[in-house]
Amino acid sequence: MPNRRSVKSIDDRPTDAHVRSRDYLGQPDIDRLLAAAKKGRHGVRDHLLILMMFRHGLRVSEAIALRRRDVDLEQSRIWITRLKNGLSVEQPVAGDELRAIKRWLARRDDALPWLFVSERKLPLTRQAVNYIVGTAGTRAGLERVYPHMLRHSCGFALANKGRDLRVIQDYLGHRDPRHTAHYTRTAAHRFDDLW
């Protein structure tokens, strides 16, 4: 067949974008958001917070509940305590994330147990996380960005990489696979090489 075109998707748009509102960010937008977070007053902390919320699919309450003891720097692992009756799991920490954690901990001069603290040496609040993520989104030139969007972005990113539904389910701590299925249902790659 001469003049046959490749129609592989080069973006992260869901196949049903015309039906549902976009509640996640693709990798280019995540990269812009992370770069913008670094430019804030508490850039080291804010960048790490957003990176971890995206990479581990953390809910706000899970992120602010993280403790220093949950992070094993020697083994590059983190214990994620899921809420809403989710499955708690140990997850790997990638090299760039590990370096960001070490950078943040090196700046701290306290022995407080929480991983993320405010400048007043208190654990971050839900409102603070909403503000941090929203401000980074505005700075990045993105339309309304909110924390739970990072959890959805994690699910869609894993689905777009072709990860198995069960792996995504366990990674996000879902007990019911129906909560995970919409990530794979909208993954653009699922129709690649069908014929």
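Strand β2 (residues 77–80) and strand β3 run antiparallel and are joined by four bridges; strands here are DSSP E runs of at least two residues, helices are H or I runs of at least four, and both are numbered from the N terminus. The model is predicted, with local features requiring pLDDT of at least 70 and side-chain atom pairs pLDDT 80 or more, while totals for chains, interfaces and linings use all residues. Residues are numbered from 1 along each chain as its sequence is written, and side-chain values use heavy atoms, with hydrogens and water left out.

The two strands belong to an open, antiparallel sheet of three strands in the order β1-β2-β3, where pairing requires at least two DSSP bridges between strands. β1 (71–72) and β3 (89–92) form the edges, each pairing on one side only. Within β3, Gln 91 is the bridge partner of Ile 78.

Val 89 is also located in β3. Its contacts (heavy atoms within 4.5 Å), leaving aside residues up to four places away in sequence, are with Ile 78, Trp 79, Ile 80, Asp 170 and Tyr 171. The C-alpha atom of Val 89 lies 7.5 Å from that of Gly 173, although 84 residues separate them along the chain.

Helix α7 spans residues 165–172, and its buried residues are Ile 168, Gln 169, Tyr 171 and Leu 172; buried denotes under 20% relative accessible area, with a 1.4 Å probe and protein chains only. These residues line one face of α7, because they fall within an arc of 165 degrees when seen down its axis, the arc being taken from the directions from the helix axis to the C-beta atoms. At the N-terminal end, α7 is capped by Asp 164, with a side-chain oxygen 2.9 Å from the backbone nitrogen of Arg 166. Gly 173 follows α7 and has a positive phi, near 80 degrees.

Note on methods:
Buried < 20%, exposed > 50% of the residue type's maximum accessible area, 1.4 Å probe, protein only. Polar contact = N/O pair within 3.5 Å; in protein donor to acceptor, adjacent residues only side chain to side chain.
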